[in-house]
Amino acid sequence: MDSRKLSALLSSLISQLFLLLLLLFPNSNSTQNLSPLFSHFLSLQQIAASLTFLSISRKRKRTHLSEEDSDPTHEDKVAKLGPRLGLTQSPDSFKNSFRMSSATFQWLSGLLEPLLDCRDPVGLSLNLSADLRLGIGLSRLVTGSSYSELADRFGVTESVTRFCVKQLCRVLCTNFRFWVAFPGQGELNSISKSFEELTGLPNCCGVIDCTRFKIVKSSKDDKFIEDGIAVQIVVDSSSRILSIVAGIRGDKGDSRVLKSSTLYKDIEDKKLLDSSPVYVNGVPVDQYLIGDGGYPLLPWLMVPFVDAKPGSSEENFNVAHRLMRVPALKTIASLKNWGVLSMPIQEDFKTAVAFIGACSILQNVMLMREDDSGLCDNLDDYSLHDQSSQYYSDASFEENLIEKKATVVRSALAKRAKVFNNSSFGRDSNSSVQ
């Protein structure tokens, strides 16, 4: 079998094996314990390493080249790659065109090459390099350019651009969706420690938020129909996406979207956030998420106090709460910075969901690569995406699910927030005196 097809097959089989375990053992703690193992094994570096025989094969084919040409520098590779993708030699050309550095682009191209090359349209061989396939797909996501514009830029037909964009999204959402997967217990402990160092509030395992993306499609009467997609995300303190739910109609409120998600069902069934509680002022505090006022107050979902009095514990909690929500707002702003998501998406519903999924995966990839090319760092940019005042929770839903335990837990956390804030103020004062 061709080495590229074999590599693609191995990657697909490993992904399907993990999904099979989830289906066979849906209620087993052992599956959750296996999740970090699979995530580690299937990390980009590990997969790339498992495909080293592919690079060896390439070197054998190039034995006729000179010694200097056989081991090109990164600059040489960029110099040769740029013209093929219509780029200049500017250091920012890759970031402007593909929302990532040239090093990340090359690394991603090498990783995806077996999967991008292994399946062309039936009866048609495109004879396009992985770099070009990736460049076409990324250009649609990054710039939002139309298929005809992409065809002109890359010198291919419009049908080829459609295929390359669809293929990239399919490969990412099918073979690499584990990059947006809820962490195992060991990683959750690390996440909660990061939040605790930031605000003093223990056992927080992420921030949940919901945003909307518009879809515009034409009808048989040549009229445009506007629709929307609600997208629910959970992120850690570094803005890495831990969970994403897309595909729910955008007219539903945040709490309705939450209740419709598998995340809600898994947490309620104790499949997630099920570790032993920590004690705050004698109150057991289970693992929980932070959410805005559009969500109900639950034992595992802490929302801000309403009308907190100045100087009170409740106000201190709300201050800490707003600080913890910043990574989610930053993630939403960064997602909406992708060209194809920054405007009404002119695709069918299913394709629009695939675009959102692919951009989310790529965003996590760049965080892992420590490539900040596509992240919004300006507070003014992402504070505009705070929709907490627009999508309120349904009163009946909140009244039915709110529990006394949740109120007790939030009050205990509020007292901890006030103590932490006072101690932090004392440290700042001492350091300023010194």
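Trainee: Starting with helix H9, residues 130-143: why does its end-to-end distance agree with its number of residues?
Mentor: This is a predicted model. At 1.5 Å a residue, the 14 residues of H9 should span 20 Å, and the C-alpha atoms at its ends are 19 Å apart, so the two values agree.

Trainee: Is H9 mostly covered or exposed?
Mentor: Mostly covered: 13 of the 14 residues in H9 are buried.

Trainee: What follows H9?
Mentor: Gly144 follows H9, and its phi is positive, near 75°.

Trainee: OK, on to packing. How is a pair of packed helices described?
Mentor: By the angle between the two axes and the distance between them.

Trainee: And what are those values for H9 and H11?
Mentor: The axis of H9 and that of helix H11, residues 158-175, come within 8 Å and cross at roughly 85°. The range for roughly perpendicular is 65 to 115 degrees, and H9 and H11 are therefore roughly perpendicular to each other.

Trainee: Which residues meet there?
Mentor: From H9, Arg133, Leu134, Ile136, Gly137, Leu138, Arg140 and Leu141. On the H11 side they meet Thr161, Phe163, Cys164, Val165, Gln167, Leu168 and Cys169.

Trainee: How many of those are nonpolar, polar and charged?
Mentor: The contact of H9 with H11 has 9 nonpolar residues, 3 polar and 2 charged.

Trainee: Changing topic. How many aromatic pairs are there?
Mentor: The count comes to 6 aromatic pairs. One of the pairs is Phe176 with Phe178: the ring centres are 6.0 Å apart and the planes are at 50°, so this pair is tilted.

Trainee: Are Phe176 and Phe178 buried or exposed?
Mentor: Phe176 counts as buried because its relative accessibility is 0%. Phe178, at 12%, counts as buried too; the cut-off for buried is under 20%.

Trainee: What about Phe178 and Trp179?
Mentor: Phe178 and Trp179 form a tilted aromatic pair, 5.0 Å centre to centre with 45° between the planes. Trp179 has a relative accessible area of 12%, so Trp179 is buried.

Trainee: Which residues form the cluster, then?
Mentor: Phe176, Phe178 and Trp179 form one aromatic cluster.

Trainee: Next, Val231. Where is it?
Mentor: Val231 lies in strand E2, residues 224-235. Its relative accessible area is 1%, so Val231 is buried.

Trainee: What does Val231 touch, leaving aside neighbours within four places in sequence?
Mentor: Val231 is in contact with Asp209, Cys210, Thr211, Phe213, Ile244, Val245, Ala246 and Ile356.

Trainee: And how are Val231 and Leu258 separated?
Mentor: They are 27 residues apart along the chain, and their C-alpha atoms are separated by 10.0 Å.

Trainee: Where does Thr199 sit, and is it buried or exposed?
Mentor: Thr199 is in helix H12, residues 185-199. With a relative accessible area of 3%, Thr199 is buried. Apart from neighbours within four places in sequence, Thr199 contacts Ala320, Leu323, Met324 and Phe420.

Trainee: Last one, the whole protein. How many helices and strands?
Mentor: There are 19 helices and 7 strands. Of the 434 residues, 47% are buried.

Trainee: And what share of the contacts join residues at least 24 apart?
Mentor: Among contacts between residues at least 6 apart in sequence, 69% do.

Definitions and conventions. Residues are numbered from 1 along each chain as its sequence is written. This is a predicted model: local features need pLDDT of at least 70, side-chain atom pairs count only at pLDDT 80 or more; totals for chains, interfaces and linings use all residues. Side-chain values use heavy atoms; hydrogens and water are left out. Helices (H or I, at least four residues) and strands (E, at least two) are DSSP runs, numbered from the N terminus. The expected span of a helix is 1.5 Å times one less than its number of residues. Buried means under 20% relative accessible area, exposed over 50%, partly exposed in between (1.4 Å probe, protein chains only). Axes are lines fitted to C-alpha atoms, for helices over the stretch in contact, and angles run from 0 to 180 degrees between N-to-C directions. Angles under 35 degrees count as roughly parallel, over 145 as roughly antiparallel, 65 to 115 as roughly perpendicular and the rest as oblique. Contact means heavy atoms within 4.5 Å. Ala, Val, Leu, Ile, Met, Phe, Trp, Tyr, Cys and Pro count as nonpolar, Asp, Glu, Lys and Arg as charged, and the others, Gly among them, as polar. Rings of Phe, Tyr and Trp (its six-membered ring) pair if their centres lie within 6.5 Å; planes under 30 degrees apart count as stacked, over 60 as edge-to-face and the rest as tilted.
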